[in-house]
Amino acid sequence: MRSKRSRFLLILVVLGICFACLWPSISWYACTSKEDQNLALGSLEKIRDYSRDKASADVKKLFDAANADPDSALAPEYKWLEKVASKNYKDAGEKIADNMSVSVVLNSFSFDSNPEETLTNTIEKRYRERILKNKSYYEKSVKLGLDLSGGMNVIVKADLDAVVAAQEGSEVIVNKDELKKQAMTQAIENLTSRIDRFGLSDPVIRQQGEDRIYIELPGAAEAEQINSIIMGRGILNFRVVDQEATANFNNYYTQNVNNTFDKNGNLINPSIIPEDDEVFGYYKKDEYDLDTLVGYFVLKKEIVIDGQHIKSAEVGSEAYTNRPQVNFVLDSTGAETFDKFTSENIGKSMAIVSDNKIKSVASINERIPGGRVAISGFSIAEAQNLQKVLQTAWLTVPLSIESQQVIGASLGEEAIHQGEMALAIGLAAILVFMLIWYRGAGINAVVAQVLNLYIMFSILSAFNLTVTLSSIAGMVLTIGMAVDANVVIFERIKEELSLGKSRDAAIMAGFDNALWAILDSNITTFIAAIFMVQLGTGTIQGFAVSLAIGVVSSLFTALVVSRLIFDFNTQVLNKKTISIGWRKN
């Protein structure tokens, strides 16, 4: 009896864990609207822009409502602000009003130095957290492959030999294999940054083999746009900061915030800066881990040196203060140019520009000969970000598109329908057969099969695996294999009953006699599936993964779940006979 109780608790624990693993998929596919899914699948830049735009619009609505009728109640969609307002009054030591009208709520933000900005940030945070929560559900859920959802996949080849050849004779090369590894890591980071910047929906970018990068872009995507993104190159250079022009520009900008730049980011009045200068934004990482504008600098158009002269970059620390600093090494041409530049511009500031964004500004305190440069004044996170920017320049990896495939969304929907039909028809046919052929015992097989699929999808969700047509084929095959285990057990039980054994003895002997036959067949199948997972690619790998998962789950349901149902009927319902065929037992 104790072993049966243990099996029951084991099943409950497994089902509970499976539900926890499956919850993100349930939340994403069943509880998230199509509109919210589209928002969550957008790039972080799109999420940021959407959240800020919505927050600004909501603030305007609230102030308009307060101006029209200060005593009016909050609209239902803003009721959540009542709790925020109560907290604001409590933190300020003020009495909390009984009637939370729109004016009372807005006044609760007046304790801050910039009430409107605080309110906007509060509303933006709510939008951001809701969208990022949905995005988290998607990232932890079962994914649909391109053959089901539609989209584009691209395989890009990285010319690692060209990277090594470009560094030949350089003192920074220590290990060619390590250099290739760094180059691949940097290439993947660059592609991720470019694709995310263009607002494409939730791409999958991963290394494939030694020198190939697999890119999967769900949804509609234009081939020419993707090619330009992949083949594009970031531009990094060093320029002198025009400090006087920067001060004048910032004074002008403060007084003309809405009339300084046009919609394309160009100066409306170019005469506000010298002809040989340009204005660039200074960016830092925000709460979305995206570049966010924090100010402007006016730089000289003349480029001191560009990124191709950078040979290496790493994060270190200052000798005496131990504060983080970024060290980078220039080639001989860059070292000579930088030596002359620093000797002529002591006391001035230098900006590092990447993709037309200022990533760092440093003071030139002394002449820097020899091409070894150290820049300090950052936090460790800022130093690591700058290191990545500099690495982008010196580890430029030539990329070429090796293959490209586009699958239309309508074709994907048809594939989903066909896959669902195949799975449903296959499952229904097998279950009907089991109920007809094994009668009451067939119910055990039905329950085991349903739980088998439940466990399979839970495991797929737990490991964030992708469902493709080949995965569905593996599931259909698994259903047949799971039934085969039940068939072996049922036939062994029938043999024991024919010998005149009681229900309890026949069930025990039937499971014992069937155990090794079931384990032999399933273990060999599992080994074959593991080999296909390791050695196969694409559709073969998807098929093998679902097959391997199915083998494990079918063993559990056949040997544990089905056995517990038999024992429950025997010991709790006190049944003396078994409905396991057309012969009376």
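Leu535 counts as exposed, at 70% relative accessibility; exposed means over 50% relative accessible area, buried under 20%, and partly exposed in between, with a 1.4 Å probe and protein chains only. The model is predicted: local features need pLDDT of at least 70 and side-chain atom pairs pLDDT 80 or more, while totals for chains, interfaces and linings use all residues. Residues are numbered from 1 along each chain as its sequence is written, and side-chain values use heavy atoms, without hydrogens and water.

Leu535 belongs to helix H17, residues 503-535. Helices (H or I, at least four residues) and strands (E, at least two) are DSSP runs, numbered from the N terminus. Together with Ile523, Ile527 and Phe531, Leu535 makes a nonpolar surface patch of about 440 Å². Such patches take residues with over 30% relative accessible area and no salt bridge, joining nonpolar side chains (Val, Leu, Ile, Met, Phe, Trp, Tyr) within 5 Å and like charges within 9 Å. Areas come from the Shrake-Rupley method with a 1.4 Å probe, and for residues only the protein chains shown count as cover.

The 33 residues of H17 reach 47 Å from first to last C-alpha, close to the 48 Å expected at 1.5 Å a residue. The expected span is 1.5 Å times one less than the number of residues. H17 has a kink of about 35° centred on Leu515, the bend being the angle between axes fitted to the seven residues ending there and the seven starting there.

**Buried positions**

Ile493 lies in helix H16, residues 469-498, and counts as buried at 0% relative accessibility. Beyond its neighbours within four places in sequence, Ile493 is in contact with Ala506, Ile507, Gly510, Phe511, Phe566, Ile578 and Ile580; contact means heavy atoms within 4.5 Å. The C-alpha atoms of Ile493 and Phe511 are 7.4 Å apart, for a sequence separation of 18 residues.

Helix H12 (residues 332-344) has Gly334, Ala335, Phe338, Asp339, Phe341 and Thr342 as buried residues. Their cover includes strands S5 (236-240), S8 (305-306), S10 (324-330), S11 (349-354) and S13 (372-376).

**Salt bridges**

The structure holds 19 salt bridges, each a side-chain nitrogen of Lys or Arg within 4 Å of a carboxyl oxygen of Asp or Glu. Three of them are tabulated.

| Pair | Closest N and O atoms |
|---|---|
| Arg130 and Asp36 | 3.0 Å |
| Asp242 and Lys300 | 3.4 Å |
| Glu495 and Arg492 | 3.8 Å |

Arg130 forms a salt bridge with Asp36. Arg130 lies in helix H6 (residues 115-139) and Asp36 in helix H2 (residues 34-41), so the pair ties together parts 94 residues apart in sequence. Arg130 is partly exposed, with a relative accessible area of 32%.

Asp242 forms a salt bridge with Lys300. Asp242 is in the loop between S5 and helix H11 (243-255) and Lys300 in strand S7 (residues 291-300), so this pair ties together parts 58 residues apart in sequence. Asp242 counts as buried at 13% relative accessibility, whereas Lys300 is partly exposed at 27%. Asp242 and Lys300 are also linked with Asp276 and Asp277 in a network of salt bridges.

Glu495 and Arg492 both lie in helix H16, three residues apart, about one turn of the helix.

**Whole protein**

The protein has 18 helices and 15 strands, and 44% of its 585 residues count as buried. Its accessible surface is about 30800 Å², with 55% belonging to carbon and sulfur atoms.
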